[in-house]
Amino acid sequence: MEFNEFIEIAKIRQSVRDYDKDREVEDDKILSCLESMKLSPSACNAQPYFYHIVKGDKAKSLSKYLTLGAMNSFAKDVNTFAVITEENYNLTAKIGSSVKDQDFKSVDIGISVAYFTAQATTLGLSTCILGWFDEKKLQDLLGIKSRVRLVIAIGYAKNDKLREKKRKSSDAIFKIIE
Ligand SMILES: Cc1cc2nc3c(=O)[nH]c(=O)nc-3n(C[C@H](O)[C@H](O)[C@H](O)COP(=O)(O)O)c2cc1C
């Protein structure tokens, strides 16, 4: 698939909640998404995050910690996850965040996830960003102490029919001020 403008990716990128459990994600595609993520901007270039790519049996265990009843139940068919932890600021980002009372870490993590998932789309992969998970269970499973901020489900869609994008009206979400 060829893309000329970013908006072409944005239009077809959607949260997929129906995965082909028999189709593995190729390692080189994951590496390509990680390379894209690494190019994302961050406050003072601090890159205050770490991506844990979880596959195989660990992914099976992990998927149980993402669900509550029907919520995220599709995760059982997902073979690959990226678990994103929050890491330290560098000194300038730490000072900037404190002086300006801004949470740059969340912003930086969000941008990195956007880069990762956009690249996944260009490679024919489907993703769903997940904010609902049992943080303690994920920390224990991965043997980490850092805060888990987001999880990305990655795979091939069983059904990737494009849904209509529902978004706020332009008036509600931006204005141009001169
Ligand atoms: C921070 C964040 C957390 C999210 N958490 C979940 C989640 O736990 N489960 C889920 O199914 N979708 C989750 N989503 C996906 C959103 O519901 C989805 O992006 C939004 O409804 C827009 O739909 P689209 O991604 O298909 O365009 C999350 C998205 C973001 C950015």
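The radius of gyration is taken here over C-alpha atoms, and the globule rule is 2.2 Å times the number of residues to the power 0.38. In the predicted model, the protein chain has 178 residues, for which a compact globule would have a radius of gyration near 16 Å; the value for the chain is 17 Å, which agrees. Along the principal axes, the C-alpha trace spans about 50 × 40 × 35 Å.

The secondary structure of the protein chain consists of seven helices and four strands. Their order along the sequence is α-α-β-α-β-α-α-β-α-β-α. Of the contacts in the chain with a separation of 6 or more, 78% are accounted for by residues 24 or more positions apart. Buried residues make up 40% of the 178 residues.

The surface was then examined. Leu68, Met71 and Trp132 together make a nonpolar surface patch of about 310 Å². One of these residues, Leu68, is placed in the loop that runs between α3 (56–64) and β2 (80–86). The relative accessible area of Leu68 is 53%, and the residue is therefore classed as exposed, the cut-off for this class being over 50%.

Key
Residues are numbered from 1 along each chain as its sequence is written. This is a predicted model: local features need pLDDT of at least 70, side-chain atom pairs count only at pLDDT 80 or more; totals for chains, interfaces and linings use all residues. Side-chain values use heavy atoms; hydrogens and water are left out. Patches are made of residues with over 30% relative accessible area and no salt bridge: like charges are joined within 9 Å, nonpolar side chains (Val, Leu, Ile, Met, Phe, Trp, Tyr) within 5 Å. Accessible areas come from the Shrake-Rupley method with a 1.4 Å probe; for residues, only the protein chains shown count as cover. A salt bridge is a side-chain nitrogen of Lys or Arg within 4 Å of a carboxyl oxygen of Asp or Glu. Helices (H or I, at least four residues) and strands (E, at least two) are DSSP runs, numbered from the N terminus. Buried means under 20% relative accessible area, exposed over 50%, partly exposed in between (1.4 Å probe, protein chains only). Contact means heavy atoms within 4.5 Å.
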